[in-house]
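Have a look at the model before reading on.

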Amino acid sequence: MSGLILVSGGAGYIGSHTVLALRERGRDVLVLDDLSEGHEAALLGAELARGSMLDRDFVRSVFEEREIAAVFHFAARCYVGESVEDPGLYYRHNVLGTLNLLDAMAATGVKRFVLSSTCATYGEPERIPITEDLPQNPINPYGVTKLVDEWMLRDFHTAHGIESVALRYFNAAGADAEGRIGEDHEPETHLIPIVLQVALGQRDKLTVFGDDYETPDGTCIRDYVHVTDLAEAHVLALEAMEKTPGSVGIQAFNLGNEAGTSVLEVIETARQVTGHPIPYTLGARRPGDPPRLVGSSARIREALGWTPKFGDIKTIVETAWKWHQARPKGYDDRGGR
Ligand code: UFG
């Protein structure tokens, strides 16, 4: 198969692991990223068109200058709390940014799209594990904007024949097993990197946000899924669209491991992996945190043959630990921005 794959947000955490997966299959990749959050070093030499998704003329010019076969769209804001405080930021980046891409695709005849969506589109699910047919009732602007993206895909399919796959991730975690790239956010808010920063001595301790939830140990349960397994799912989605054009239409798949892990279980796993005691204190609940999010991935296993290779929490934490040990300051490129 040939053709250039445009990866928006390809310098970010999940985007960069997907760029790597594509290039390891010999695919041609062009990353579209403004490096506001991502890291040039995470591209490992992949070609970069530097600019903002919000710059409609820039986005359009990329599509006019290059023959693009498919689009993977990662560029987005993705923090629930921030989305509550500044919804405009989320509507601009996550709705207008996506619209600029889809408009450029429609204008230049590009027909294949893979969306980075989220379990946050379900809101507080009525049952666990979450299946794709459950109602999508997001409870924060982040989830709403991703749901609007999914709706746009429906309409652009009807009007312009753009086929798409929306991948609804649960909790992305871990790092490239060879330690070449990994997670580096500033500020970091995610549980596993924070726990590992404690193990590295970069933080004295962490705060566990609430131990009075209706869960076995009282802390929140999440479905952690390895970033390389997420990347593989994107490649499978593309291959399905390429195999029989028109057969995919518009589809949505959950990406999780169907395994719930509590905050205290993550800490315990990290203790075993790192050999560090990882002290913590108990704090208040974090607003907007659902007690339990676990996804069924039966649909994508069945439809695309997705088989996670790094499914258990210990392997996920081990790969993250390898990255954090090798690069305790992350990509260490903040001075340059
Ligand atoms: N947590 C702590 N202490 C911390 C950090 C996190 O106890 O210092 C807890 C959180 O309260 C939560 C769990 O660890 O219960 C996981 O939190 P993360 O911040 O790592 O991940 P979230 O589940 O909040 O967020 C993820 C994605 C979002 C997505 C969301 C859907 O990162 O993009 O799932 O709910 F929107």
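## The chain as a whole

Of the 337 residues in the protein chain, 55% count as buried. Keep in mind that this is a predicted model. On the secondary-structure side, the protein chain has 10 helices and 13 strands. Its radius of gyration is 19 Å, close to the 20 Å that the globule rule gives for 337 residues, so the chain is as compact as a globular protein of that length.

A few overall values for the protein chain, side by side:

| Property of the protein chain | Value |
|---|---|
| Span of the C-alpha trace along its principal axes | about 55 × 45 × 40 Å |
| Accessible surface | about 14,200 Å² |
| Distance between the mean positions of positive and negative charges | 1 Å |

Carbon and sulfur atoms own 48% of that accessible surface. As for charges, there are 33 positive and 49 negative ones. If you take contacts between residues at least 6 apart in sequence, 78% of them join residues at least 24 apart.

## Zooming in on G12

Now for the glycine. G12 sits in the loop between β1 (4-8) and α1 (13-24).

Leaving aside residues up to four places away in sequence, G12 touches D33 and G38. There's also E40, 28 residues from G12 along the chain, with 9.0 Å separating the C-alpha atoms of the two.

How values were computed: Residues are numbered from 1 along each chain as its sequence is written. This is a predicted model: local features need pLDDT of at least 70, side-chain atom pairs count only at pLDDT 80 or more; totals for chains, interfaces and linings use all residues. Side-chain values use heavy atoms; hydrogens and water are left out. Helices (H or I, at least four residues) and strands (E, at least two) are DSSP runs, numbered from the N terminus. Contact means heavy atoms within 4.5 Å. The radius of gyration is taken over C-alpha atoms; the globule rule is 2.2 Å times the number of residues to the power 0.38. Buried means under 20% relative accessible area, exposed over 50%, partly exposed in between (1.4 Å probe, protein chains only). Accessible areas come from the Shrake-Rupley method with a 1.4 Å probe; for residues, only the protein chains shown count as cover. Lys and Arg count as positive and Asp and Glu as negative; His and the chain ends are not counted. The place of a charge is taken as NZ of Lys, CZ of Arg, CG of Asp or CD of Glu.
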